[in-house]
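I opened my notebook to go through a new structure. Here is what I looked up.

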Amino acid sequence: MERTIILFSIIVILLTGQALSVFGQEETRPGESLEQRTIEAVNTQIDNGINIPFIDLAVRAPNDNKEVALSIQLLIFLAVLTLSPSILILMTPFLRIAIVFDFIKRALSLQQVPPAQVLMGIALFLTLFIMWPTIQEINDNSFKPFSDGEIGLQEMYDNAAAPIRIFMYRQMQGNHENIQLFMRLRGLAKPANFSEVPTYVLIPAYVLNELTIAFKIGILLFVPFIVIDMVVASTLMSMGMIMLPPVMISMPFKIILFVLVDGWGLITQQLIASFV
């Protein structure tokens, strides 16, 4: 229905535009109204035909296997392009930062403030801040030489993947158990060095490592706020205020403590310092 309305509007606009152009070229006849001249111009254009382009999509059988392979590659490329935001999120510091910020929000017993979009935006810009040297290296060694025609497509991919692989490997901090796990699950031999670790093994190992580190940081963040909750709950119980929710009383104290110690600044500094 929407396509029909849009097509009808386009035809009306074309008819009106060409009618006005013809109307502008004709001489003005005395005693003839504007409406009559417009109708005559439209009828003239309908009789003479309107130059509306014809769009045709042809579906045919492939001539050889190369065309089939090209179609499959195009579908795979579109699928990867659709999933690229999720892939990039899992290969950057975004995962750790987003989880830590969510732990902070829950530890402070905050429901709506700050909004989730704000926290994800802060995590995104901190990710760009941390990854900027890697992005600059990819641009200098991969994209720029490829755009200048100095290297080919395969070499561009290798030069772009190398800095990201090195970044993910450094975050393991000598803890290669996740890499060994996925190498064993895949049935691959123990690698002699980092270059023998496939990328499809390194990425899930990096994701598990980021989840583990983020949860460790979240537990450490929860401890002081849990102490405040326990103190407030014990105080209310001793005073006989059983019906009063302890969270309602403890939340202002937790926010005051968080602001006094410059919580956002300390957490941001430690998060950036946690990346090698």
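**Ground rules.** I am working with a predicted model, where local features need pLDDT of at least 70, side-chain atom pairs count only at pLDDT 80 or more, and totals for chains, interfaces and linings use all residues. Residues are numbered from 1 along each chain as its sequence is written, and side-chain values use heavy atoms, with hydrogens and water left out.

Helices here are DSSP runs of H or I, at least four residues, numbered from the N terminus. I then checked Ile97: leaving out residues up to four places away in sequence, Ile97 touches Ala123, Leu126, Thr127, Ile130, Leu271 and Phe275 (contact means heavy atoms within 4.5 Å).

**Helix H10.** Which residues of H10 are buried? I noted Gly263, Ile267 and Leu271, with buried meaning under 20% relative accessible area, exposed over 50%, and partly exposed in between (1.4 Å probe, protein chains only). They sit on the same side of H10 because they cover an arc of only 55° around the axis, taken from the directions from the helix axis to the C-beta atoms. The buried residues of H10 pack against H4, H8 and H9 (246-260).

**Salt bridges.** I found two salt bridges (a side-chain nitrogen of Lys or Arg within 4 Å of a carboxyl oxygen of Asp or Glu). Arg96 pairs with Glu210, with the closest N and O atoms 2.6 Å apart. This pair links distant parts of the chain, H4 and H8, 114 residues apart, and both Arg96 and Glu210 are buried. Asp102 and Arg106 also form a salt bridge, at 2.8 Å from N to O. Both lie in H4, four residues apart, about one turn of the helix. Asp102 counts as partly exposed because its relative accessibility is 34%, whereas Arg106, at 57%, counts as exposed.

**Val80.** Last, I looked up Val80, which is in helix H3 (residues 65-90). Val80 has 45% relative accessibility, so it counts as partly exposed.

Conventions: Helix = DSSP H or I, 4+ residues; strand = E, 2+ residues; numbered from the N terminus.
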